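Please open the model in a viewer and keep the selection panel at hand. The stops below say what to select and what is to be found there.

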Amino acid sequence: MRRLRLRRALERWSPSGGRRPARFLAATAAATVLSLTASGCVTVHGELALLPPASKTEAAQALADFTAAYNKADKAYDPALDRDRVTGPLGAINQAGLRARSINTPGGNPDHKPLALTDARFVLPRKAGWPRWFVADTASNRGAGGDRWLLAFVRNGPGQPWEAAYLTILPRGDVPEFAEEEGYAVPVAADTDTLAVAPEDLGAKYVAYLKDGQPGPFAPGMHTTEWRAQRQKAAKRPGMATQYVDRTTDQGDFAPLGLRTRDGGALVFFATRYYERQTAAKGYRPKVGADTRALLTGEIKNTVTREWVSSQAVLVKPAGTDRNGVTVASRLQGVVGAEGS
């Protein structure tokens with residue numbers, strides 16, 4: 001199935017230029033550390049009441065369960081040990097990373113350091129029906145001491161486990177203040193018209209921007225203008241051509257999640273998927289790292305195509321802001337598959 005998906009992507013190829021993105025920011029570092037729905041109303045059995053997703057005690061237990069499972073999986077390099085505690089884009093990145101490392105280091109992680117998530121604040125949005133979700137805003141023992149880890153947990157029904165679907169890492173001062181109603185956070189509907197861009201449209205607009213770079217809702221920055229410039233520069237690299245195909249990924253546990261902020265905007269998590277194809281000049285082969293090689297299907301002759309999952313956290317301004325209404329605050333990405341040809 002993975003090879004079929006890669007081939008279909010290549011059949012619809014639309015070059016946008018560029019090079020393999022550098023590993024940058026704490027968000028991308030978190031992809032290594034962890035090698036790791038939607039907020040609209042869904043009714044189940046006639047449930048219409050607005051309810052909090054969990055108590056603070058239950059949310060704390062979900063965070064503890066995730067941390068314990070992650071540490072076991074990271075220590076053993078065994079994706080099965082945290083499979084039921086991760087989902088969505090974070091789950092895809094985490095599970096692929098662990099699969100690769102289990103092949104390259106079958107004896108487990110010799111450098112394992114237990115992850116500790118502390119000083120947790122739980123942002124609990126009320127909504128009707130399922131799925132339900134919340135955000136844990138925590139400190140960690142990884143990276144810069146002033147960073148905050150924001151984990152979005154999703155639960156799809158009674159009796160189902162809480163699973164971490166999104167992770168973003170922000171400096172403490174960049175975490176927005178969330179709006180509240182009756183002591184609870186306020187979710188943003190996927191199709192709201194109160195924001196510069198509705199959460200359900202963010203993936204498509206981001207993909208379009210990365211392809212053509214036309215002015216629009218995205219503010220200049222590391223994950224917009226600078227990333228496009230890196231891609232374009234790589235396209236001109238002698239002896240190696242790099243191309244990208246970006247795709248929206250917004251169904252199920254990959255659906256966007258949004259929280260209203262006190263300034264009338266929102267913090268929104270959303271995911272995309274992209275394919276990075278590198279083609280070497282005649283007589284040469286693209287080089288790949290050990291983790292990519294562990295996920296590789298086919299044989300690299302002169303081309304390798306990596307499949308990436310990318311998770312973005314964006315600050316969206318209120319409706320009426322047509323230019324620079326969306327700031328990409330953080331991005332976490334990881335390779336989830338590769339094919340040689």
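Begin by selecting Phe 134 together with its surroundings. Leaving aside neighbours within four places in sequence, Phe 134 is in contact with Pro 53, Ala 59, Ala 62, Phe 122, Val 123, Leu 124, Pro 125, Leu 151, Ala 152, Phe 153 and Trp 162; contact means heavy atoms within 4.5 Å. The model is predicted: local features need pLDDT of at least 70, side-chain atom pairs count only at pLDDT 80 or more, and totals for chains, interfaces and linings use all residues. Residues are numbered from 1 along each chain as its sequence is written, and side-chain values use heavy atoms, with hydrogens and water left out.

**The nonpolar cores**

Phe 134, Leu 151 and Phe 153 have the most contacts inside the largest nonpolar core, which has 68 residues. Strand E9 gives the most to this core, with seven residues. A nonpolar core is a set of buried Ala, Val, Leu, Ile, Met, Phe, Trp, Tyr and Cys residues joined through side-chain atoms within 4.5 Å. Buried means under 20% relative accessible area, exposed over 50%, and partly exposed in between, with a 1.4 Å probe and protein chains only. Next, select Val 288, Leu 296, Ile 300 and Val 304: they are included in a second, separate core of five residues.

**The whole chain**

Colour by secondary structure. The chain has seven helices and twelve strands; helices (H or I, at least four residues) and strands (E, at least two) are DSSP runs, numbered from the N terminus. Of the 341 residues in the chain, 55% are buried. The chain exposes about 14,900 Å², of which carbon and sulfur atoms supply 50%; accessible areas come from the Shrake-Rupley method with a 1.4 Å probe, and for residues only the protein chains shown count as cover.

**Helix H5**

Select residues 199–212, which form helix H5. At 1.5 Å a residue, these 14 residues should span 20 Å, and the end C-alpha atoms are 21 Å apart, which agrees; the expected span is 1.5 Å times one less than the number of residues in the helix. The buried residues of H5 are Pro 199, Leu 202, Gly 203, Tyr 206, Val 207, Tyr 209 and Leu 210. They pack against helix H6 (225–235) and against strands E7 (240–249), E9 (266–280), E11 (303–316) and E12 (326–340). After H5 comes Gly 213, with a positive phi near 70°.

**Salt bridges**

Now display the charged side chains. The structure holds nine salt bridges, a salt bridge being a side-chain nitrogen of Lys or Arg within 4 Å of a carboxyl oxygen of Asp or Glu.

Select Arg 101 and Asp 291, which form a salt bridge with the closest N and O atoms 3.2 Å apart. Arg 101 lies in helix H4 (residues 88–104) and Asp 291 in helix H7 (residues 290–294), so the pair ties together parts that are 190 residues apart in sequence. Arg 101 counts as buried at 18% relative accessibility, whereas Asp 291 is partly exposed at 27%.

Move to Asp 119 and Arg 148, whose closest N and O atoms are 2.9 Å apart in a salt bridge. Asp 119 is in strand E1 (residues 117–123) and Arg 148 in strand E3 (residues 147–155), and the pair links parts of the chain 29 residues apart. Arg 148 is buried, with a relative accessible area of 5%.

Another salt bridge joins the side chains of Arg 126 and Glu 182 (3.1 Å, N to O). Arg 126 is buried, with a relative accessible area of 19%, while Glu 182 is exposed at 68%.

**Glu 163**

Which side chain of opposite charge is nearest to Glu 163? It is Arg 85, 7.8 Å away, and Glu 163 is buried yet has no salt bridge; Lys and Arg count as positive and Asp and Glu as negative, while His and the chain ends are not counted. Glu 163 belongs to strand E4 (residues 163–171).

Finish by selecting Thr 292 in helix H7. Thr 292 is buried, with a relative accessible area of 6%, and, leaving aside neighbours within four places in sequence, is in contact with Arg 306, Val 335 and Ala 338. Val 336, in strand E12, is buried at 4% relative accessible area.
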